[in-house]
Amino acid sequence: MTNAAVIETPKPKRHPRDRWRATGWKFAAPGLSMIAIVMGFPLVYALLLSLSSFTLLKPKLQPFIGLENFRAVMADEYFWHSVWVTIEYSAVTVMGEFTLGLVIALVLNRVVRLKAVYFAILTVPMAMSPVSVGLIWHMLLQPNLGIVNRLLELSGIGGVDWLGDPEIAFWTVVFVDIWQQVSFVILILAAGLASLPKEPYEAAEVDGAGDLQQFWYLTLPMLRPVAAIAIIIQLINETRTYDLVYVLTRGGPGIATDLLSYFAYRRAFLGLSINEGAAVSFVLLLMVLVLTVVFFRLVTRRA
Amino acid sequence: MTRQMLSTMLASASAVALLLGAQAAHAEDLKLTALMEDVPETHIIEALLPEFTKATGITVEFQKLAYPDMHQKLVTQLISNKSAYNVLEVDFLWAGEFPEAGWLAELQPFVDKTNFDLKPFIPSMMDLVGRHKDTLYLIPMYNYSMGLIYRTDLLADAKLKEAYKKETGKDLALPATLADYVAISKFMKKNAGVEGAAMQSQRGDPNSMEFSNYLFANGGQYLSADGHVALDSPEAVKALELYVDNIQHGAQKGALSATLDDTFRLMCDGKAFSMVTYWWMLPQIDNKESCPNAAGKVALTVMPGGHGESGGWGWGIAKNQSAELQDASWKFIAWVQSKEISIKRAMQGHAPTRSDVFEDAGVLAKYPYYKQALEVVASGMSFPIFTYSAQYEDVLGRQLSLAGSGDVKPATAIKAAASGLDELMKKAQ
């Protein structure tokens with residue numbers, strides 16, 4: 001009997017790309033775990049709620065009732081109105097924020113002195129909570145004792161029923177929302193403008209391109225990825241708007257400002273039907289996803 | 001006495017002292033929190049809280065919020081494992097919902113244990129915010145029955161009287177019917193340089209409560225005597241037509257987005273002839289310091305037609321808390337609703353729920369209008385109280401707002417509101 005020599009076979013070497021991938025997962029693991037806990041769990045729980053008979057009066061997940069909650073909310077004649085108002089509201093506010101934000105960002109990009117001061121002032125509305133913003137504007141726009149109408153009356157223009165006229169209330173909420181959210185768009189776009197390379201502009205100037213041509217053929221195309229991010233983030237924010245409506249109008253007058261998130265709140269907390277509130281929230285989530293995907297595709301296709 | 005006996009006695013005395021000290025220290029550690037509506041009543045009680053702490057060693061903290069934010073905040077606490085609020089201020093609109101959900105502790109055992117006397121409480125208040133399905137869950141805290149506050153100087157103005165007579169052929173006097181009231185309101189807006197009515201017609205609780213007065217004043221009702229929905233009636237349609245007419249032609253600009261605060265400011269500033277509101281708003285408006293333009297010129301009366309909206313708050317105890325905190329909560333409720341403290345509160349303008357406070361000579365001497373207030377309370381009728389009262393306010397409020405803005409006709413709005421009530425009542429069964 002002979003001692004068999006132990007032949008050590010070398011372990012197959014991992015491809016560097018696999019090692020990189022594994023290291024990447026290790027680094028991402030803590031962040032992904034946190035996301036799974038703070039986002040994944042509530043999302044799954046909300047999905048369970050939306051498929052169950054769980055109400056505040058009978059807080060039990062059993063029995064599961066399938067899509068019955070979705071059917072119930074969609075059968076409500078005011079649900080589809082809320083969906084439409086939400087789409088209209090999101091489109092108008094995002095367009096307003098982007099247009100105004102781009103103009104201000106372009107102006108600020110050319111400002112040399114006191115730039116930091118302008119930015120500090122512009123970020124004040126963004127730093128305020130939407131409820132505070134709503135309360136402040138509610139006081140300013142109070143039709144009888146508010147300062148805005150007082151100034152209009154002093155200048156010979158009659159006072160306006162900002163929040164009590166169904167034709168005007170929607171636009172008033174849009175205006176207040178844009179007032180608060182535009183700072184975020186300005187900051188993102190200003191950062192994008194600051195990071196654009198100088199060389200294309202120098203070449204364009206040598207070629208005799210004017211300001212408008214430079215803006216149209218250089219600035220806008222190069223700014224597109226940053227602009228897309230700003231628009232998508234704001235689209236998500238605006239579709240979920242709740243606080244301003246709650247403070248300013250309660251969905252009224254009539255149903256003029258009855259956004260879907262406020263509809264969900266009323267189902268959940270006034271109707272005590274958390275399950276139906278969760279179903280509405282999932283419809284809202286679906287809307288946000290569809291809008292985001294459609295917009296993202298539009299932007300990337302053009303790019 | 002031997003040294004051993006002496007040391008034993010000293011040791012025992014020290015132990016007893018330590019125990020008593022610990023107990024006192026523990027009582028001092030006890031802190032109750034209550035979520036309260038930010039109204040004068042809350043401030044009146046808050047000023048008296050040091051007396052309770054002095055007597056019991058228990059501290060009480062009031063977290064004050066505007067009414068519309070209270071329901072959600074309370075519900076989120078009551079469905080949790082442990083409520084942050086120990087003593088609960090419960091609106092009559094939730095007096096069906098909270099017990100049905102099993103969030104409130106039954107109070108009869110506390111009443112029996114402490115021999116708390118329930119007899120002085122006005123029976124209608126006990127029905128409104130006391131018992132639910134024959135079980136005691138709440139102790140009536142204060143009432144907010146609604147009436148009409150109006151400007152006496154404008155009603156007595158000779159020039160206005162003459163103009164009104166010329167325009168309508170009638171004498172300008174306290175209105176006897178709802179139609180008369182709306183006519184006077186519109187007249188005042190046109191001729192007196194003030195708004196005819198300061199109206200709180202924002203969608204939801206404000207317009208639901210306000211409209212209920214119009215409904216009852218015009219002989220309408222939500223439910224029949226046998227508990228069936230009776231809202232869809234000619235009286236209700238007429239009441240809503242008058243309500244819309246007043247919003248559009250008698251009220252201030254922005255009535256459809258106005259709340260109680262807005263109407264109070266307008267009336268306080270002397271810029272409105274009338275407001276349909278809670279009776280205890282009278283002393284707030286009739287106050288020379290805070291409302292110099294209106295003080296001395298306002299009075300209270302029952303809604304024209306004889307009935308207004310009746311409402312009230314009750315004290316309850318959250319079930320999802322320890323027995324010790326429940327006991328402490330009851331101590332507070334028994335104290336704050338005792339005759340002595342209720343009279344002290346009444347002297348500051350409290351809206352009593354005990355008949356012995358309404359009849360107290362000192363209270364009546366200071367506030368003669370408590371006589372009218374008692375009439376307002378006695379003649380008040382109630383919004384439907386059931387599991388989904390809060391949701392019904394929203395359903396009704398939406399229809400009233402749609403009618404107010406001219407988007408739907410009053411008859412259509414009433415039909416939809418009646419059908420909504422019927423659906424929710426069936427859901428509650």
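This is a predicted model: local features need pLDDT of at least 70, side-chain atom pairs count only at pLDDT 80 or more; totals for chains, interfaces and linings use all residues.

Trainee: Okay. What does UniProt list for "transmembrane region" in chain A?

Mentor: The unreviewed UniProt entry lists residues 27-48, 89-109, 116-140, 168-194, 215-236 and 278-299 of chain A.

Trainee: How much helix is in 89-109 of chain A, and how far apart are its end C-alpha atoms?

Mentor: Residues 89-109 of chain A are 100% helix and 0% strand. The end C-alpha atoms lie 29 Å apart.

Trainee: And 168-194 of chain A, how far apart are the end C-alpha atoms there?

Mentor: They are 38 Å apart. Residues 168-194 of chain A are also 100% helix, with 0% strand.

Trainee: Which residues of chain A does the domain annotation cover?

Mentor: UniProt's unreviewed entry gives "domain: ABC transmembrane type-1" for residues 83-295 of chain A. Over that stretch the chain is 77% helix and 0% strand. The end C-alpha atoms of 83-295 of chain A are 18 Å apart.

Trainee: Switching to chain B. What does the domain assignment give?

Mentor: Domain 1 is 31-143 + 311-379, and domain 2 is 146-306 + 386-428. The C-alpha centres of these domains of chain B lie 28 Å apart.

Trainee: What about the largest nonpolar core, how many residues has it?

Mentor: It has 182 residues. Those with the most contacts inside it are L189(A), V87(B), I149(B), L240(B), M267(B) and I285(B). Helix α7 (residues 166-194) of chain A gives the most to this core, with 11 residues.

Trainee: Where does the core lie relative to the two domains of chain B, and why?

Mentor: Both domain 1 and domain 2 of chain B give residues to this core, so it lies between them.

Trainee: Take I285(B). What does I285(B) touch?

Mentor: Leaving out residues up to four places away in sequence, I285(B) touches I149(B), M267(B), C268(B), C291(B), A294(B) and V298(B).

Trainee: Now the strands. Is β7(B) largely enclosed or open?

Mentor: Strand β7 (residues 146-151) of chain B is largely enclosed by the rest of the structure, because 6 of its 6 residues are buried.

Trainee: Which strands pair with β7(B)?

Mentor: Strand β8 (residues 274-278) of chain B is one, antiparallel over 5 bridges. L148(B) stands opposite V276(B) there. Strand β9 (residues 298-301) of chain B also runs antiparallel to β7(B), joined by 4 bridges. Across that pairing, Y150(B) stands opposite A299(B), and R151(B) stands opposite V298(B).

Trainee: Which way do the side chains of β9(B) point?

Mentor: They alternate. V298(B) and L300(B) point to one face and are buried.

Trainee: E41(B) is in α2(B). Buried or exposed?

Mentor: Buried, because E41(B) has 23 C-beta neighbours inside 10 Å. Beyond four places in sequence, E41(B) is in contact with Y142(B), H350(B) and A351(B).

Trainee: What is phi for L114(A) and L272(A)?

Mentor: L114(A) has a positive phi of about 60 degrees, and phi of L272(A) is near 60 degrees. L114(A) is in the loop between α3 (77-110) and α4 (115-127) of chain A. L272(A) is in the loop between α11 and α12 (274-302) of chain A.

Trainee: Is L114(A) buried or exposed? And L272(A), buried or exposed?

Mentor: L114(A) counts as exposed, because it has 10 C-beta neighbours inside 10 Å. L272(A) counts as buried, because it has 25.

Terms used
Residues are numbered from 1 along each chain as its sequence is written. Chains are lettered from A and ligands numbered from 1 in the order in which they are written. Helices (H or I, at least four residues) and strands (E, at least two) are DSSP runs, numbered from the N terminus. A residue is buried if 20 or more other C-beta atoms lie within 10 Å of its own, exposed if 12 or fewer, and partly exposed in between; C-beta atoms are placed from the backbone. Two residues are in contact if their C-beta atoms, placed from the backbone, lie within 7 Å. UniProt positions are given in the numbering used here, feature names are shortened, and annotations may be inferred rather than shown by experiment. A nonpolar core is a set of buried Ala, Val, Leu, Ile, Met, Phe, Trp, Tyr and Cys residues joined through C-beta atoms within 7 Å. Domain bounds come from an automatic or database domain assignment. Two strands pair if DSSP finds at least two bridges between them.
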